[in-house]
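I set out to record what I looked up in this structure, entry by entry.

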Amino acid sequence: MRSGKLNETLLHFTKRLFKETDLDYDIAFLESKTQTLSDCISHNVQNGYQQIQMIPLLLLNASHYFEDIIAIRDEWQYNHPEIEIQIAQPLGTHPAMKDWISEQIENCSSQINDKTAIVILAHGNKRFEEPDIALTQITQELTAQYHACFPAMVYGSLNFKQILPPLAQVYKRLIIIPYFFYDGFLVNRTKQQISEMHLDCEMYFTPAIHFHPILKKVILARLHELEEGACVSGTT
């Protein structure tokens, strides 16, 4: 993540999350001149740790995961084969995150009818299809459970500029749920761009996640998955 307000928010959130635990942890940033991922790994290796567990604060896997985090992990393990580095799955595909989306839908229940479509808007990526696949699966599950839900991305093949106009021709109201940690620059710019499309329908935007408490549950669950995996591999 980039330095600045979002990183400060992330630091505050993480400190609150682990305040009453005995976990030994560090916080690393991919797009920062300080507290880089390589620096954090080096610090822990120098302190004698031979097993490191990474919990990427990513909702969906794309370039940061495949090109940055995994590349750094592979380089470290190539140069230090005695070090085991585990990487958790993204937070956004954990079943509990669907509960957060469901909560947003329920909060808008008075506005939902058969002429309403719900759009889950995420970051996306032009070069990786994994975010599209993951978000499409989430919206399909929500459609079966609640109401008509559709995936849209800021970047990639599910770009909102292509997804929203056909929906606006069918539905009178679009409820757009930003699947982002924070209502920051990108979310606000995208909202403005959507408004400037002058779609022939009503539009309502819910807040982004804003480091909702459910993230604590998801992060600890991802950590537990890594620990279970380590136990299984240690017994085979």
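**Entry 1: helices on the sheet.** I began with helix H6 (residues 160–170), which lies across E3, E4 and strand E5 (173–178) and runs at about 145 degrees to E4. Helices (H or I, at least four residues) and strands (E, at least two) are DSSP runs, numbered from the N terminus. Contact means heavy atoms within 4.5 Å. Axes are lines fitted to C-alpha atoms, for helices over the stretch in contact, and angles run from 0 to 180 degrees between N-to-C directions.

I note the source here: this is a predicted model, in which local features need pLDDT of at least 70 and side-chain atom pairs count only at pLDDT 80 or more, while totals for chains, interfaces and linings use all residues. Residues are numbered from 1 along each chain as its sequence is written, and side-chain values use heavy atoms, with hydrogens and water left out.

**Entry 2: the sheet.** I then traced the strand order. An open sheet of 4 strands reads E4-E3-E5-E6, with parallel pairing; two strands pair if DSSP finds at least two bridges between them. Strand E4 (149–155) and strand E6 (202–205) are the edge strands, each pairing on one side only. On average, neighbouring strands of this sheet are turned by 30 degrees against each other, direction ignored.

I went through the pairs one by one. Strand E3 (residues 116–124) pairs with E4 in the parallel sense over 6 bridges, and Val119 stands opposite Phe150 in E4. Helix H5 (residues 130–145) packs on the sheet, where H5 touches E3 and E4; the direction of H5 makes about 155 degrees with that of E4. E3 also pairs with E5 in the parallel sense, over 6 bridges, and Ile120 has Ile177 in E5 as its bridge partner. E5 and E6 run parallel and are joined by 4 bridges; there, Ile176 is partnered by Phe205 in E6.

**Entry 3: burial of two strands.** Which residues cover the two faces of E5? I found Arg173, Ile175 and Ile177 on one side and Leu174, Ile176 and Pro178 on the other, all buried. Buried means under 20% relative accessible area, exposed over 50%, and partly exposed in between (1.4 Å probe, protein chains only). Because 6 of the 6 residues of E5 are buried, E5 is largely enclosed by the rest of the structure.

I looked next at strand E1 (residues 51–54), which has a covered face with Ile52 and Met54 and an uncovered one with Gln51 and Gln53. In a regular strand the side chains alternate between the two faces of the sheet. E1 runs parallel to strand E2 (residues 84–87), with 4 bridges joining them; Gln51 has Glu84 in E2 as its bridge partner.

**Entry 4: salt bridges.** How many salt bridges does a search of the whole structure find? The search returned 6, a salt bridge being a side-chain nitrogen of Lys or Arg within 4 Å of a carboxyl oxygen of Asp or Glu. Side chains of opposite charge can pair when their charged atoms come close.

I examined the pair Glu67 and Arg127, whose side chains meet at 2.6 Å, N to O. This pair links distant parts of the chain, with Glu67 in helix H3 (residues 63–79) and Arg127 in the loop between E3 and H5, 60 residues apart. Glu67 is partly exposed at 38% relative accessible area, and Arg127 counts as exposed at 56%.

Asp74 and Arg73 also form a salt bridge (2.6 Å, N to O). Asp74 is partly exposed at 38% relative accessibility, whereas Arg73 is buried at 18%.

A further salt bridge joins Glu225 and Arg222 (3.0 Å, N to O). The two are 3 residues apart in helix H8 (residues 214–234), so about one helical turn separates them. Glu225 counts as partly exposed at 35% relative accessibility, and Arg222 as buried at 6%.

**Entry 5: a distance.** The C-alpha atoms of Lys15 and Gln145 are separated by 35 Å, the two residues being 130 residues apart along the chain.
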